[in-house]
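Biologist: Please show me the model, and then tell me how each label was assigned.

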Amino acid sequence: MSNLTSKQANSIADTFKGIAKEVGDYRMNNYDRMSPTQRIDIENLQDNILEQADKLYTESATLVMNDIQNSLATIENVTTEIQETIHGLQDIQKAIDIASSVLNLGAAILSKDPQSIGKTIIELVKIVKDN
């Protein structure tokens with residue numbers, strides 16, 4: 001089984017939050033039919049579902065930060081190579097491709113989309129390493 005992505009964790013958290021709302025609505029709509037023990041039980045279940053949703057949102061944020069940290073490390077590693085490649089480059093089209101790829105990377109970073117950041121880093125590294 002593969003690891004959970006930040007987007008997946010966030011989606012699951014949204015689902016849990018929606019379920020918790022439905023449980024709460026059910027409790028309110030059926031309050032008079034429930035015993036005091038049932039009211040407490042269903043309220044506790046709703047609270048626990050919301051707590052899990054919060055934990056999933058936290059996990060999603062952590063996964064985003066891990067993705068970004070890994071991407072930043074890759075960017076730092078390839079920066080010197082990009083500078084050296086551009087400095088001695090004779091192929092004008094490759095210089096244009098590298099500059100375009102760096103621009104795409106900046107746009108991905110500004111979009112705060114870790115998957116897009118990772119994809120553009122891979123594309124940039126490929127362009128730099130292709131001779």
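Modeller: Helices are DSSP runs of H or I with at least four residues, strands are runs of E with at least two, and both are numbered from the N terminus. This is a predicted model, in which local features need pLDDT of at least 70, side-chain atom pairs count only at pLDDT 80 or more, and totals for chains, interfaces and linings use all residues. Residues are numbered from 1 along each chain as its sequence is written, and side-chain values use heavy atoms, with hydrogens and water left out.

Biologist: Which helix holds Ser 101, and why is Ser 101 called buried?

Modeller: Ser 101 is in helix H3, residues 92-111. Buried means under 20% relative accessible area, exposed means over 50%, and partly exposed is in between (1.4 Å probe, protein chains only). Ser 101 has a relative accessible area of 5%, so Ser 101 is buried.

Biologist: What is Ser 101 in contact with?

Modeller: Contact means heavy atoms within 4.5 Å. With neighbours within four places in sequence left aside, Ser 101 touches Thr 120, Glu 123, Leu 124 and Ile 127. Under that same exclusion, the contacts of Leu 124 include Ile 82, Ile 98 and Ser 101.

Biologist: What makes up the largest nonpolar core?

Modeller: A nonpolar core is a set of buried Ala, Val, Leu, Ile, Met, Phe, Trp, Tyr and Cys residues joined through side-chain atoms within 4.5 Å. The largest one has 10 residues, among them Ile 75, Val 78, Ile 98 and Leu 124. Helix H2 (36-87), H3 and helix H4 (114-129) each supply at least two of its residues, and H4 gives the most, with 4. In soluble globular proteins, nonpolar side chains tend to be buried together.

Biologist: What makes Arg 39 lie over the face of Tyr 31?

Modeller: A charge sits over a ring if NZ of Lys or CZ of Arg is within 6 Å of the ring centre and within 35 degrees of the ring normal. Arg 39 lies over the face of Tyr 31, at 4.0 Å from the ring centre.
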